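Dear colleague,

I am handing over the structure below, together with notes on what was found in it. Please read the notes with the model open beside you.

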Amino acid sequence: MTTGDFDGDGKADIAVANSGSNDVSILRGNGDGTFVTANFAAGSSPYAIATNDFNGDGKADLVVANNTNAKISILIGNGDATFAAPVSYDAASGPYAVTAADFNRDGNIDVAVADFNVDQISVLLGNGDGTFATAVQYAAGDGPSSIAAGDLNGDGKLDLAVSNGNANSISILIGNGDGTFAAPSSVPTGFNPSSIAIGDLNGDGRADLVTANESSADTSVLLGNGNGTFQTAVSYHLTASAVPTQTVIADFNRARCSAAWVDLLEELCPSG
């Protein structure tokens, strides 16, 4: 799921990808912790969802990774928590995760998709009007299951980190700043990493990585060296029966506010 203000009322809303019903649920926040739900068509088996403004109208839109038809769906927001009919774009086989950011620094939001079945990612550059160019594929590892964007080497250009569920590794794809990416390097992590997040965990101004490792009941922390490389993973064990599938980075005790805040906790960050 993802969060955003889909109706522009200043209250947090939630969007959920429903793989079993081929739609997304919008939970419109009342501002008191309660929600009103509505569903909108997506694609075939939507596994993942992200939000951003794809057409530059100041309203939140959605992108959905549709696992069984090798496509993504773009749902343009109307600004009132309703969405236009989905428009599909080709990715590669088995879209499993998606992220949205400006990879070529043209002011338009782009999309990157982890394609689980073919060990690749697909990058679709945005045209700024809610449409996208043809996907370009880049190699990842075996079974890419999660993808995150951030500046991993401190050059001001967005890079990608991909967790490879079948390879027990992370692929690092350094961005060239024009929407293209260098060949991936590989970093070991825990067993079957199913989710990845980027943030500064030790306050040194460098991007670090965290993975949720589904088969080893732990989470791995990889501190960044600031140049796109990372220190050896340190694992933190959960309960023996845990099967962690998602991870998030945030300042849960409000000790420090940073760019690592995720949308869900953004409103809790003290000003300044």
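Residues are numbered from 1 along each chain as its sequence is written, and side-chain values use heavy atoms, with hydrogens and water left out.

Thr51 belongs to strand E5, where strands (E, at least two residues) and helices (H or I, at least four) are DSSP runs numbered from the N terminus. Thr51 is buried, because its relative accessible area is 15%; buried means under 20% relative accessible area, exposed over 50%, and partly exposed in between, with a 1.4 Å probe and protein chains only.

E5 is part of an open sheet of four strands in the order E5-E6-E7-E8, with antiparallel pairing, and two strands are taken to pair if DSSP finds at least two bridges between them. E5 and strand E8 (87-90) are the edge strands, each pairing on one side only. On average, neighbouring strands of this sheet are turned by 25° against each other, direction ignored, where axes are lines fitted to C-alpha atoms, for helices over the stretch in contact, and angles run from 0 to 180 degrees between N-to-C directions. E7 and E8 run antiparallel and are joined by four bridges, with Asp90 in E8 as the bridge partner of Lys71.

**The nonpolar core**

The largest nonpolar core has 17 residues, and Phe54, Val63, Ile72, Val98 and Val111 are those with the most contacts inside it; such a core is a set of buried Ala, Val, Leu, Ile, Met, Phe, Trp, Tyr and Cys residues joined through side-chain atoms within 4.5 Å. At least two residues of this core come from each of strands E5 (46-52), E6 (61-66), E7 (71-75), E9 (95-101) and E10 (110-115). In soluble globular proteins, nonpolar side chains tend to be buried together. Not counting residues up to four places away in sequence, Ile72 touches several residues, including Val63, Val87, Val111, Val113 and Leu124, a contact meaning heavy atoms within 4.5 Å.

**A second open sheet**

Another open sheet of four strands has the order E13-E14-E15-E16 and antiparallel pairing. Strand E13 (144-150) and strand E16 (185-188) stand at its edges with a single partner strand each, so one side of each is left without a neighbour in the sheet. E13 pairs with strand E14 (residues 159-164) in the antiparallel sense over six bridges, and Asp159 in E14 is the bridge partner of Gly150.

Strand E18 (residues 208-213) is mostly covered, with six of its six residues buried. Asp208, Val210 and Ala212 point one way from E18, while Leu209, Thr211 and Asn213 point the other way. E18 pairs in the antiparallel sense with strand E17 (residues 193-199) over six bridges, and is joined by five bridges to strand E19 (residues 218-222), again running antiparallel. E18 and E19 form a hairpin with four residues between them, and Ala217 in the turn has a positive phi of about 50°.

Asp218, which is found in E19, is the bridge partner of Asn213. The side chains of these two residues are also joined by a polar contact of 2.9 Å, and a polar contact of 2.7 Å joins the side chains of Asp218 and Ser216. Asp218 is buried, with a relative accessible area of 5%.

**Confidence**

The mean pLDDT of the chain is 92, and 93% of its residues reach 70 or more, pLDDT being the predictor's confidence in each residue, from 0 to 100. Over residues 257-272 the pLDDT is below 50, and beyond near neighbours in sequence this stretch has 22 contacts in the model. Where pLDDT is low, the predicted coordinates should not be read in detail.

With best wishes

Key. Predicted model: local features only at pLDDT ≥ 70, side-chain atom pairs only at ≥ 80, totals over all residues. Polar contact = N/O pair within 3.5 Å; in protein donor to acceptor, adjacent residues only side chain to side chain.
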